[in-house]
Amino acid sequence: MIRRAIDIAVSATVLTATAPLIAVAMVAIRLESPGHPIYRQRRVGLNGHEFDVLKLRTMVQGAEHVGPGLAVNENDTRITRVGALLRRISLDELPNLLNVLRGEMSLIGPRPTLPHQVASYDERQRGRLAVRPGITGWAQVNGRASLPWSERIELDLYYIENRSWRLDLEILKRTPAMVLGGDGLYKGQTGGWRP
């Protein structure tokens with residue numbers, strides 16, 4: 001209950017403070033390319049519950065149906081100019097705070113994954129679904145998308161098995177450098193999901 005109360009208080013405060021920035025970003029997205037500025041994608045959360053994660057759209061409308069589909073790498077031509085900036089400093093994730101307010105996500109936890117990825121989990125890997133997914137997490141601050149998928153899962157399971165306020169504070173301490181540095185933003189040669 002304490003974690004949930006903190007999630008609500010922090011997400012509401014940050015959303016209020018960044019509302020003008022989100023509004024400006026939404027206008028910029030619409031001016032550059034047609035389509036809704038908010039992107040919704042089905043993800044899997046706590047206990048296998050599916051929900052729509054919310055993000056600022058950083059790619060052309062319908063990008064998931066063009067070229068490599070859901071796979072995104074650096075210099076992807078589907079990423080808009082505004083989108084590249086939003087991704088670079090992770091501002092595209094700000095609408096995730098609405099998911100936190102709704103109880104679908106937490107501030108800290110494993111990143112929510114796609115249903116087809118969860119369908120391939122073995123019994124141990126399904127342990128990722130034991131907590132609410134997070135905006136940031138142990139795998140995020142240790143390499144995020146640049147890590148092989150199996151390693152990301154193991155880091156998330158480590159977090160769940162060793163979850164504590166001390167570990168949460170360590171994640172929060174590392175998150176700004178990860179966001180501002182842009183490290184691990186794209187999968188590169190070794191990261192990403194492999195079926």
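This is a predicted model: local features need pLDDT of at least 70, side-chain atom pairs count only at pLDDT 80 or more; totals for chains, interfaces and linings use all residues.
**Reading helix H6 in its fold**

Me: What share of the contacts between residues at least 6 apart in sequence joins residues at least 24 apart?

Reply: For this chain the share is 69%.

Me: What span should helix H6 have, and how far apart are its end C-alpha atoms?

Reply: The expected span is 1.5 Å times one less than the number of residues. Helix H6 covers residues 165-181, 17 residues in total, so it should span 24 Å; its end C-alpha atoms lie 25 Å apart, which agrees.

Me: Where in H6 does a kink lie?

Reply: A bend is read as the angle between axes fitted on either side of a residue. In H6 a kink of about 30° is found at Arg174, shortly before Pro176.

Me: Which residues of H6 are buried, and what covers them?

Reply: Buried here means under 20% relative accessible area. In H6 this applies to Leu167, Asp168, Ile171, Thr175, Met178 and Val179. Their cover includes helices H1 (2-32), H2 (81-88) and H5 (149-161), together with strands E3 (106-108) and E4 (134-136).

Me: Over which ring does the charged end of Arg3 sit?

Reply: The ring is that of Trp165, with the charged end of Arg3 4.6 Å from its centre.

Conventions
Residues are numbered from 1 along each chain as its sequence is written. Side-chain values use heavy atoms; hydrogens and water are left out. Contact means heavy atoms within 4.5 Å. Helices (H or I, at least four residues) and strands (E, at least two) are DSSP runs, numbered from the N terminus. The bend at a residue is the angle between axes fitted to the seven residues ending there and the seven starting there. Buried means under 20% relative accessible area, exposed over 50%, partly exposed in between (1.4 Å probe, protein chains only). A charge sits over a ring if NZ of Lys or CZ of Arg is within 6 Å of the ring centre and within 35 degrees of the ring normal.
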